[in-house]
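Please have a look at it before I go on.

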Number of protein chains: 2
Amino acid sequence: MIDIKHLKTIATLKDTGSLVNTARELFLTQSALSHQIKDLENKLDCQLFERKTQPVRFTPQGMLLLELANEVLPKVEATKCRLKESLNQPISQLRLSVECHACFHWLLPTIKEFNNFWPDIKIDYERGFSYDAIPDLLSDELDLVLTSDIREPDKLEYAHLFDFKLKLIVAPDHELAKKAYVTALDLKNETIISYPIPRERQDIFKHFIQNARFDGTLKNVDQGLLIFQLVSAGMGVAALPDWLVTPYESQGLIKSIPLGALGLTRPMYLAMKKDMKDNPVYRHFLNTCKLNNGR
Amino acid sequence: MIDIKHLKTIATLKDTGSLVNTARELFLTQSALSHQIKDLENKLDCQLFERKTQPVRFTPQGMLLLELANEVLPKVEATKCRLKESLNQPISQLRLSVECHACFHWLLPTIKEFNNFWPDIKIDYERGFSYDAIPDLLSDELDLVLTSDIREPDKLEYAHLFDFKLKLIVAPDHELAKKAYVTALDLKNETIISYPIPRERQDIFKHFIQNARFDGTLKNVDQGLLIFQLVSAGMGVAALPDWLVTPYESQGLIKSIPLGALGLTRPMYLAMKKDMKDNPVYRHFLNTCKLNNGR
DNA sequence: AACTAAACATGAACTAAACTCATAACCAAC
DNA sequence: GTTGGTTATGAGTTTAGTTCATGTTTAGTT
């Protein structure tokens with residue numbers, strides 16, 4: 001129905017002011033355009049512009065299309081441009097750092113899929129992770145950082161990958177297991193098991209317990225699977241992203257509970273230098289992540 | 001080349017995972033799609049996805065197109081929807097208030113053009129103007145406000161119309177006329193002529209002189225043309241938007257000078273209630289303003 | 001390794017859409 | 001009314017898109 005061709009016509013018509021000029025600009029005959037627009041007007045069942053003035057005067061409907069054209073055409077051009085670029089790419093390495101341990105669950109398959117298309121691009125994610133990777137990104141020692149927190153938004157581009165819910169996991173016979181959701185108070189005396197990350201950088205403290213009193217203990221474990229086993233054995237509770245939790249919960253190994261009445265939703269971003277945001281390889285990595293999110 | 005049709009195909013392919021399913025979804029034969037995509041791939045000179053997996057696996061190039069589709073298709077649908085709405089509109093009145101006197105210069109022709117298409121919609125701009133119109137917009141006594149300042153951004157939608165430059169105008173033989181630009185200090189002892197608006201709401205004070213010392217006098221005039229005559233006669237200086245200044249300057253009646261080395265650029269917004277931002281009549285008024293800006 | 005079912009590819013024939021050409025109609029300015 | 005510009009229209013042609021019938025590929029099964 002509406003076509004990119006039509007948007008081009010409308011946009012050019014706005015610039016040139018008449019059908020004849022538009023025809024010349026688009027390498028078509030005036031007749032072709034006259035037919036084209038008449039057909040479009042018939043299909044949309046409305047008039048798009050008045051032809052008896054110079055320049056032509058757009059109707060409200062014409063302006064809506066013009067507005068659409070102004071939004072869409074630049075995007076189409078940008079994509080065409082990226083397509084060309086993507087076919088000959090000098091990049092050979094992506095140095096990636098991950099702030100969220102649980103991400104490896106979907107990240108490894110994602111990287112594998114990505115490497116199918118860019119076998120020459122080596123992804124180096126073998127960095128320690130309990131550190132702040134943003135400075136390394138700024139100083140060009142890293143290319144990409146997977147993170148939930150936005151820092152230095154002026155210097156870096158944060159591409160939103162997806163949102164996830166942080167859930168509390170407890171043993172099925174834990175007293176909290178019956179609750180529809182937990183409050184910060186409920187956690188006051190619990191043992192919280194987590195990856196070895198400083199407390200102030202853990203989502204559950206930073207965004208849930210916050211200033212509430214916490215008298216329980218913190219236990220660090222560097223093995224993801226171990227967390228589930230410890231929780232299942234009733235040795236403590238843990239806060240993990242929903243995508244990690246779901247498979248274990250459906251096995252009945254643990255029970256998951258929302259943090260707060262509304263649950264705690266957190267975003268996941270891919271941070272990169274601002275000038276890299278249009279790079280086709282980066283975009284491909286981004287898109288691959290999005291398609292594989294939370295599985 | 002790239003067509004909306006193609007974007008639909010790609011988007012559906014992502015959802016359904018195979019050509020056969022996509023064909024069924026789009027009411028086409030599998031063969032048609034196979035041809036369609038082959039043609040597209042030939043034109044773009046790249047492969048868009050691997051067909052030998054289930055679901056199909058997109059190449060970097062395919063993902064770029066998919067990304068484009070996700071951006072563009074919703075906009076196209078929204079426009080189609082607005083087009084339909086625009087053809088039968090119950091609105092019969094637009095109550096408009098204008099915070100910038102100088103806007104009448106382009107606003108009156110704009111309204112005339114607008115009324116060509118919506119003869120039944122009466123625009124009521126006959127309100128006093130040296131007052132803050134935003135509260136009336138919030139309390140539903142107004143529909144639209146033309147303003148340069150954003151207030152209450154949570155409750156109102158501010159559609160950007162255009163940017164303009166505020167210029168200082170002086171008599172051609174005025175001592176400032178030789179300068180490439182003026183500083184706040186240059187104005188210290190000048191007589192500033194303006195519309196009858198309180199000093200703290202005048203752009204030249206709010207955004208240029210600011211806290212700098214001003215020992216000159218303020219003269220109020222409620223007639224636009226009179227300002228030019230007074231300035232031309234050397235009775236004072238004035239700050240006005242570029243679109244008003246240009247015609248008089250080319251006649252040699254006055255001389256205009258940028259405010260500050262970089263000039264003083266100001267935006268112009270059309271403020272409305274948030275739920276009105278998709279209304280086709282409002283959009284048409286907005287678009288008409290944009291097309292007539294600063295003339 | 002052979003078989004099967006499901007998915008995709010291909011070529012020829014057909015259809016519908018889009019374009020051109022020639023010409024007519026229209027409008028504004030002189 | 002004539003002129004110089006514009007847009008509209010109808011018939012004929014070209015091109016792009018579709019279907020049909022059939023061939024090929026692939027993953028999964030025995």
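When I say contact, I mean heavy atoms within 4.5 Å. What you see is a predicted model, in which local features need pLDDT of at least 70 and side-chain atom pairs count only at pLDDT 80 or more, while totals for chains, interfaces and linings use all residues. Residues are numbered from 1 along each chain as its sequence is written, chains are lettered from A and ligands numbered from 1 in the order in which they are written, and side-chain values use heavy atoms, with hydrogens and water left out.

In chain B, helix H1, residues 4-16, packs against helix H2, residues 19-26, at an angle of about 120°, with the axes 8 Å apart; helices here are DSSP runs of H or I with at least four residues, numbered from the N terminus, and axes are lines fitted to C-alpha atoms over the stretch in contact, with angles from 0 to 180 degrees between N-to-C directions. H1(B) and H2(B) are therefore oblique to each other, since angles under 35 degrees count as roughly parallel, over 145 as roughly antiparallel, 65 to 115 as roughly perpendicular and the rest as oblique.

Which residues meet there? From H1(B) come Thr9(B), Thr12(B), Leu13(B) and Thr16(B), and they meet Leu19(B), Asn21(B), Thr22(B), Glu25(B) and Leu26(B) of H2(B).

Turning to chain A, domain 2 (93-162 + 268-292) and domain 3 (163-266), with bounds from an automatic or database domain assignment, have C-alpha centres 26 Å apart, and 14 residues of domain 2 are in contact with 13 residues of domain 3.

Finally, 100% of the interface residues of chain A are also interface residues in chain B, so the copies meet through the same surface.

Definitions and conventions
Helix = DSSP H or I, 4+ residues; strand = E, 2+ residues; numbered from the N terminus.
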